[in-house]
Amino acid sequence: VANVLAAASSRLFVAVPLLDAFDGFHALNVLLGALLLVVLYRFVERHTSTAAAVLTVLLLFLLPRLVGDFFANIKDYPEMVFFSLTLVAFFAAYERGSARGIGASGALWGLAIGTKANAAFILPIVVLYIAARGLGEHWRDRRRTLLLALVGAGIIAGAIVFASWPYLWEAPVARILENYRYVSGRAFDQATTDAPWWQMLLYTTPPIVLLLFAASLPLFVGRARRREPLAILLLVWIAVVATRLSLPGALNFDGVRHFLELFPPLVMIAAIGSVELARRFISSSAVRAAVLAVPIVLTANATVQVHPFELVYWNALIGGYSGARAAGIPQASDYWATSYRQGMRWINTNAPPNTLLVVTVSPHTVAMAAPLRLRPDIGVATLSAERAYRMAATRPVFVMFVPREEWRTPLDRTLERTQTPTASWERDGAPVLLIYQLSAPR
């Protein structure tokens, strides 16, 4: 779903014209992010307060890793949006007693599942929410209506997934089973790097947000025990996602991108709880406002410090980006090589005519963008160390790479060990992107 929508946004913005094909593709996240911001703001404001709504959206949209995914991730970020919208829509319909609203939430669920399989876990969230919340006055005498509404939502979701995924059309059952085997088989894929999800959450979230969440959690647990709907929803939401990530054989890699749907409830708990605790213990409204501004400033500063390389944000609990690299954490790098955009700009400005650019890590990302991002006289190639040095005898050769450890090659390892980079981008004293100019062999 997200790829189809992104392709449509690319066509639209190129035709206008406002953006090139690549930025037009990623512009989908701007549209979806704006939608999520408005919905979450209104949702929190309706059920708590304006102050909590403001704090929720500012903290969520300033988190460094989410900012990085906002600009670069046309899979996990849309999944977070559709996942959140589905649960918000279901919650509103359930609490109003609207069978049609529950059925309509199935359309959002279909968009979520059609984007990524994570959304299959919306079902246990809904089931556990209903079990913990109880039927209440709206559904006590309408059990059959509720069941039909839930089944209808599932049918609508399935129809949207089928319609949006041509891969299924030829043999739906066989293809679904094939996809299931692929997803479940990742646990045995030795090329996939394992990293505990809780560790990634702990080390890549600004500490102030973690602190506010921990301080607010007891408040929400108490409310859930009293069967307050919002508290139940947010706690069940977090519990199901955390359980999925903790299942035997479950893998996590690339930081936190595979569970972005955990952040909206986490931030809502942190923001709502912080506002309520501040009201309990601080009588002056001016002082409360100043205190609540502190987490916003600290979170924004965390993002500013690493911009435009938000995917290398690591907090002080691991010693920052350099500490994470020293600890040997596999994902401590610009793992999606988004910094190549800065590298290509540098090459365009500084490389001599007829330069050959050798990219050793994720070379396809540069090759695809080269027609739009690089001068026409600059060639892009993937070469062995021996061939690259031979080519340096006949034309200027630059080597560019991000130091992602499990994808390293002998060429970039040798260069990093023996030469000083011609250009480099660092954060927290550790390299994000390196460019070397090769010398002809003597």
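Reader: Hi! Where is P308 found?
Author: Hello! P308 is in the loop between helix 15 (285–306) and helix 16 (320–326); helices here are DSSP runs of H or I with at least four residues, numbered from the N terminus. This is a predicted model, where local features need pLDDT of at least 70, side-chain atom pairs count only at pLDDT 80 or more, and totals for chains, interfaces and linings use all residues. Residues are numbered from 1 along each chain as its sequence is written.

Reader: Thanks! Is the peptide bond from H307 to P308 cis or trans?
Author: The bond from H307 to P308 is cis, with omega near 5°.

Reader: And what about the one from V16 to P17?
Author: That peptide bond is cis, with omega near -10°. P17 sits in the loop between helix 1 (2–15) and helix 2 (21–47).

Reader: Changing topic: what is phi of A337?
Author: Phi of A337 is near 55°, a positive value in a residue that is not glycine. A337 belongs to the loop between helix 16 and helix 17 (340–350).

Reader: Is A337 buried or exposed?
Author: A337 is buried, at 5% relative accessible area. Buried means under 20%, exposed over 50% and partly exposed in between, using a 1.4 Å probe and protein chains only.

Reader: Nice. Where is R227 placed?
Author: R227 is in the loop between helix 12 (207–225) and helix 13. Its phi is near 65°, a positive value in a residue other than glycine.

Reader: How many residues of helix 13 are buried?
Author: In helix 13, 13 of the 18 residues are buried, so this helix is largely enclosed by the rest of the structure.

Terms used. Side-chain values use heavy atoms; hydrogens and water are left out. Helices (H or I, at least four residues) and strands (E, at least two) are DSSP runs, numbered from the N terminus.
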